[in-house]
Amino acid sequence: MILNIINNTFTNTSHDNSTINSINVQPNFNPIDKVVELYEEKEKLYERLIQAEKDKVEYLEKIMNRK
């Protein structure tokens, strides 16, 4: 039954070229927005890495001061 549906779908669209030509495919996301989003995620990651390094230095300083 699935094969019949697929076959009918391809058969129906192949005979109706006006339908195929009138379809306007647009991406549902803006590539620039995606680039901005990735840049912001990268900034947040760097901020977390810097904070982790600061925490590590602070911890090591505490250990050094105990001895």
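Modeller: Let's start with charge on the surface: D33, E37, E40, E41, E43 and E47 gather there in a patch of negative charge. This is a predicted model, where local features need pLDDT of at least 70, side-chain atom pairs count only at pLDDT 80 or more, and totals for chains, interfaces and linings use all residues. Residues are numbered from 1 along each chain as its sequence is written, and side-chain values use heavy atoms, with hydrogens and water left out.

Biologist: What goes into a patch?

Modeller: Patches are made of residues with over 30% relative accessible area and no salt bridge; like charges are joined within 9 Å, and nonpolar side chains (Val, Leu, Ile, Met, Phe, Trp, Tyr) within 5 Å. Asp and Glu count as negative, Lys and Arg as positive, while His and the chain ends are not counted. A charge is placed at NZ of Lys, CZ of Arg, CG of Asp or CD of Glu.

Biologist: Where is E41, and how exposed?

Modeller: E41 sits in helix α3. Its relative accessibility is 43%, so E41 counts as partly exposed (buried is under 20% relative accessible area, exposed over 50%, partly exposed in between, with a 1.4 Å probe and protein chains only).

Biologist: Which residues form the nonpolar patch?

Modeller: L45, Y46 and L49, with about 300 Å² of accessible area together (Shrake-Rupley method, 1.4 Å probe; for residues, only the protein chains shown count as cover). L45 is in helix α3 too, and is partly exposed at 39% relative accessible area.

Biologist: How many salt bridges does the count come to?

Modeller: One, taking a side-chain nitrogen of Lys or Arg within 4 Å of a carboxyl oxygen of Asp or Glu. E53 pairs with K56, and their closest N and O atoms are 3.3 Å apart.

Biologist: How far apart are E53 and K56 along the helix?

Modeller: They are three residues apart in helix α3 (residues 31-66), so about one helical turn separates them. E53 is partly exposed at 43%, and K56 is partly exposed with a relative accessible area of 43%.

Biologist: Zooming out, what's the secondary structure?

Modeller: Three helices and zero strands. Helices (H or I, at least four residues) and strands (E, at least two) are DSSP runs, numbered from the N terminus.

Biologist: And how much is buried?

Modeller: 0% of the 67 residues count as buried.

Biologist: Which helix has the lowest mean pLDDT?

Modeller: Helix α1 (residues 2-15), at 52, while α3 has the highest, 95. pLDDT is the predictor's confidence in each residue, from 0 to 100. The chain averages 77, and 58% of the residues score at least 70.
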